[in-house]
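Hi everyone, thanks for coming. Let me put the model up, and then we can walk through it together.

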Amino acid sequence: MHFTGIIIAVSTFLIIGLCHPLVIKTEYYWGTRYWWLWLVAGIGCICTALFIENVVFSSLLGVTGASFLWGIGELFAQKKRVEKGWFPMNPKRRNEYLQSDED
C-alpha cells in the first residue's frame, strides 16, 4: 500500500486548519501591518520546496507556502470581518478600524 497521497491530504487539511487561527490571532494582536512576514514565509517555503527531493516533505512545504500566501488576503479580509462585528476587536487597536459611529 502507498500512503503518500493520504499523508499529503491529511497534512494539507491540518496546515490549512492551523493557518485559519493564525490569521485571526495575527490580526487581533498586530493588525495587518505584518502581512509581509506571511509573504516572506510563503515564498521561503515554496522556494525551499523546490530543493527537497522527498515528495511528501516537498509537497507539505509547498502547501504551507501557498497557505501563507493565501493568508495575506485572509488577514485583510479578517480586518473587514472585525469591522463588521463578526469577530472581536482588540481594544488596544480600536483606532485602526473604521468607526461605525461615522457611517
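In which helix is Leu37 found? Leu37 is found in helix H2, where helices are DSSP runs of H or I with at least four residues, strands are E runs of at least two, and numbering starts at the N terminus.

Some housekeeping: this is a predicted model, with local features needing pLDDT of at least 70 and side-chain atom pairs pLDDT 80 or more, while totals for chains, interfaces and linings use all residues. Residues are numbered from 1 along each chain as its sequence is written, and side-chain values use heavy atoms, with hydrogens and water left out.

The chain has 3 helices and 0 strands, running α-α-α from the N terminus. Its C-alpha trace spans about 60 × 25 × 20 Å along the principal axes.

Back to Leu37: it is partly exposed, at 41% relative accessible area. Buried means under 20%, exposed over 50%, and partly exposed in between, using a 1.4 Å probe and protein chains only. Buried residues make up 29% of the 103 residues.

Now the inside. The largest nonpolar core has 10 residues, including Trp38, Phe68 and Leu75; such a core is a set of buried Ala, Val, Leu, Ile, Met, Phe, Trp, Tyr and Cys residues joined through side-chain atoms within 4.5 Å. Helices H1 (4–30), H2 (35–49) and H3 (55–83) each supply at least two of its residues, and H3 gives the most, with 5.

Finally, look at Leu75. Beyond its neighbours within four places in sequence, Leu75 is in contact (heavy atoms within 4.5 Å) with residues including Val23, Trp35 and Trp38.
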